[in-house]
Amino acid sequence: MNRIILHHTGGSYAVSNLDREHYHRIIDGSGEVHDGVHAIAANAPGRTLTTGTYAAHTRALNTGSIGVSICAMASAEWGAVGRWAYPVRQEQVEALVAETAHLCGLYGIAVTRQSVLSHAEVEPTLGVWQRGKWDFDYTLFGGTASRDPVTVGDEFRAAVLACMVALPAAQDHPSRPTLRQGETGHYVRDAQDALGITVDGAFGPITRAAVVAFQAQHELLPDGVIGPMTWAALL
């Protein structure tokens, strides 16, 4: 996966069936994280996005994007700060930071303005029009009064980075090669050992089947190829 896009649902603090259809992860009013209907792998690069088979959370940017949303902001009007019936709660923000940090580590996603961003940042940062979305152009931590979504996003990304420092270090192996069936050598042995299968250093059909099963279990694109995201999840 290439990026994580953060949202508010525009609903109450409860997770609705519509929320589950549109997001991979949803955070309710108590800060509990729920899975959406569609696996993250359904939005993976290379997949055909057919209506109803993937999480449609961001206009023209669903491929390669993980959608995470906070249940909040029902009937909220942009200029009515302080009068919102379902404002974002602190426990939801904390859960959003933790879940984003976890997903970044799992999928090898760097924490940058281009790869971890709110829905409101998509248009100014990536240039993809989003019909006036404003989640989040309001502070999530109380540290800034700015309504600039990039400023708010920078504050959020700093919190994610701090959370990742506190988590067990995500394995990052930029020097490890992409492996496919037919490869041999010590990197294949490393992968076989991590998969818990016979270690012989030869990437054959049995190894490929084990890789596909592992990828499906970890919501990665099950293509049988060990690239950066699969390495990050394996080791």
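Helices (H or I, at least four residues) and strands (E, at least two) are DSSP runs, numbered from the N terminus. The structure is a predicted model, in which local features need pLDDT of at least 70 and side-chain atom pairs count only at pLDDT 80 or more, whereas totals for chains, interfaces and linings use all residues. Residues are numbered from 1 along each chain as its sequence is written, and side-chain values use heavy atoms, with hydrogens and water left out.

Seven helices and five strands make up the elements of the protein chain. Read from the N terminus, their order is β-α-β-β-β-α-β-α-α-α-α-α. The radius of gyration, taken over C-alpha atoms, is set against a globule rule of 2.2 Å times the number of residues to the power 0.38. The protein chain has a radius of gyration of 19 Å, close to the 18 Å that this rule gives for 235 residues, so it is as compact as a globular protein of that length. Along the principal axes, the C-alpha atoms fill a box of roughly 65 × 35 × 35 Å.

A residue is termed buried under 20% relative accessible area, exposed over 50% and partly exposed in between (1.4 Å probe, protein chains only). By this criterion, 47% of the 235 residues of the protein chain count as buried. A contact means heavy atoms within 4.5 Å. Among contacts in the protein chain with a separation of 6 or more, 57% involve residues 24 or more positions apart. Accessible areas come from the Shrake-Rupley method with a 1.4 Å probe, and for residues only the protein chains shown count as cover. The protein chain exposes about 11000 Å², of which carbon and sulfur atoms supply 52%.

For charges, Lys and Arg count as positive and Asp and Glu as negative, while His and the chain ends are not counted; the place of a charge is NZ of Lys, CZ of Arg, CG of Asp or CD of Glu. The protein chain carries 16 positive and 23 negative charges, and their mean positions lie 5 Å apart.

A disulfide is identified as a pair of cysteine sulfur atoms within 2.5 Å, and the count by this rule is zero. Cys104 is in no disulfide, the nearest cysteine sulfur being that of Cys163, 9.8 Å away. Cys104 is buried, with a relative accessible area of 2%. Cys71 is likewise buried, at 0% relative accessibility.

Helix H3 spans residues 119-126, and its buried residues include His119, Ala120, Glu121 and Val122. The buried residues of H3 pack against strand S1 (3-8), strand S5 (116-118) and helix H4 (149-166). Gly127, which follows H3, has a positive phi, near 75°.

The loop between H3 and H4 contains Arg131 and Phe136. Arg131 is not a glycine, yet its phi is positive, about 55°; at 56% relative accessibility, Arg131 counts as exposed. The peptide bond from Asp135 to Phe136 is cis, with omega near 10°.

A positive phi, of about 75°, also occurs at Met73, which is not a glycine. Met73 is placed in the loop between strand S4 (65-70) and helix H2 (90-107), and counts as buried at 3% relative accessibility.

Helix H6 (residues 205-217) contains Ala209, which is partly exposed at 46% relative accessibility. Ala209 and Gly224 are separated by 15 residues in sequence, and their C-alpha atoms are 6.9 Å apart in space.
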